[in-house]
2 protein chains.
Amino acid sequence: MCEANAYLVTENGEELVLERVDRLIPRDGELFLESIFGQQKILKNTKIKSLALIDHKIYLERISETD
Amino acid sequence: MCEANAYLVTENGEELVLERVDRLIPRDGELFLESIFGQQKILKNTKIKSLALIDHKIYLERISETD
């Protein structure tokens, strides 16, 4: 399967926020995520930092005030 | 393999911009993409519209003036 795990990257490291993400939709400073199991999460004030699909990783980060 | 194809979505439909993307990094209103073959592209004035990883699809869109 080709889903990816979503991690929030902070100064303290990486925090797993949702496993096996299929769909991700950015909208108005928040992110909607849905896993292959149908689990949904909305992360406010968050954006995509990078994707590394071969590693099955989605890196997210908080939106800073300077963005 | 778990890479995805990147499509630019416009009012005229979907345009394939890069096949088999491994890495994607948003930075300052542009997107850096790299395929599993090492092919790199930088798309200015572009953002992620959505991901559909089970379908191996990354949808991109131009940043509008109202964003």
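Reply: One term to start. Helices (H or I, at least four residues) and strands (E, at least two) are DSSP runs, numbered from the N terminus. The model is predicted: local features need pLDDT of at least 70, side-chain atom pairs count only at pLDDT 80 or more, and totals for chains, interfaces and linings use all residues. Residues are numbered from 1 along each chain as its sequence is written, chains are lettered from A and ligands numbered from 1 in the order in which they are written, and side-chain values use heavy atoms, with hydrogens and water left out.

Me: OK. Where is B:Arg20?

Reply: B:Arg20 sits in strand S2 of chain B. Its phi is positive, about 55°, although B:Arg20 is not a glycine.

Me: Why does B:His56 count as partly exposed?

Reply: Because its relative accessibility is 26%. Buried means under 20% relative accessible area, exposed over 50%, and partly exposed in between (1.4 Å probe, protein chains only). B:Arg20 is also partly exposed, at 30%.

Me: Next, B:Glu14. Which strand is that in?

Reply: B:Glu14 belongs to strand S2 of chain B, residues 13-27. B:Glu14 is partly exposed, with 48% relative accessibility.

Me: What does B:Glu14 contact, leaving aside neighbours within four places in sequence?

Reply: B:Tyr7, B:Leu8, B:Val9 and B:Tyr59. Contact means heavy atoms within 4.5 Å. Look at B:Tyr59: 45 residues separate B:Glu14 from B:Tyr59 in sequence, yet their C-alpha atoms are 8.4 Å apart in space.

Me: B:Val9 was in that list. Where is B:Val9 found?

Reply: In strand S1 of chain B, residues 4-10. B:Val9 is partly exposed, at 23%. Not counting residues up to four places away in sequence, B:Val9 touches B:Glu14, B:Lys49, B:Tyr59, B:Leu60 and B:Glu61.

Me: New topic. How many salt bridges are there over all chains?

Reply: 14. A salt bridge here is a side-chain nitrogen of Lys or Arg within 4 Å of a carboxyl oxygen of Asp or Glu.

Me: What is the N to O distance for A:Glu3 and A:Arg20?

Reply: The closest N and O atoms of A:Glu3 and A:Arg20 are 2.8 Å apart. A:Glu3 lies in the segment before strand S1 (4-10) of chain A and A:Arg20 in strand S2 of chain A, so the pair ties together parts that are 17 residues apart in sequence.

Me: Is A:Glu3 buried or exposed?

Reply: A:Glu3 is buried, with a relative accessible area of 7%. A:Arg20 is partly exposed, at 31%.

Me: What about A:Glu30 and A:Arg27?

Reply: They form a salt bridge, with the closest N and O atoms 4.0 Å apart. Elsewhere, A:Asp22, A:Arg23 and B:Asp55 are joined into one network by salt bridges that share partners.

Me: How many salt bridges link chain B and chain A?

Reply: 2. The contact takes 21 residues from chain B and 21 residues from chain A. About 1700 Å² is buried between the chains, with 66% of that from carbon and sulfur atoms. Buried area is the accessible area (1.4 Å probe) that two parts lose on being put together, summed over both.
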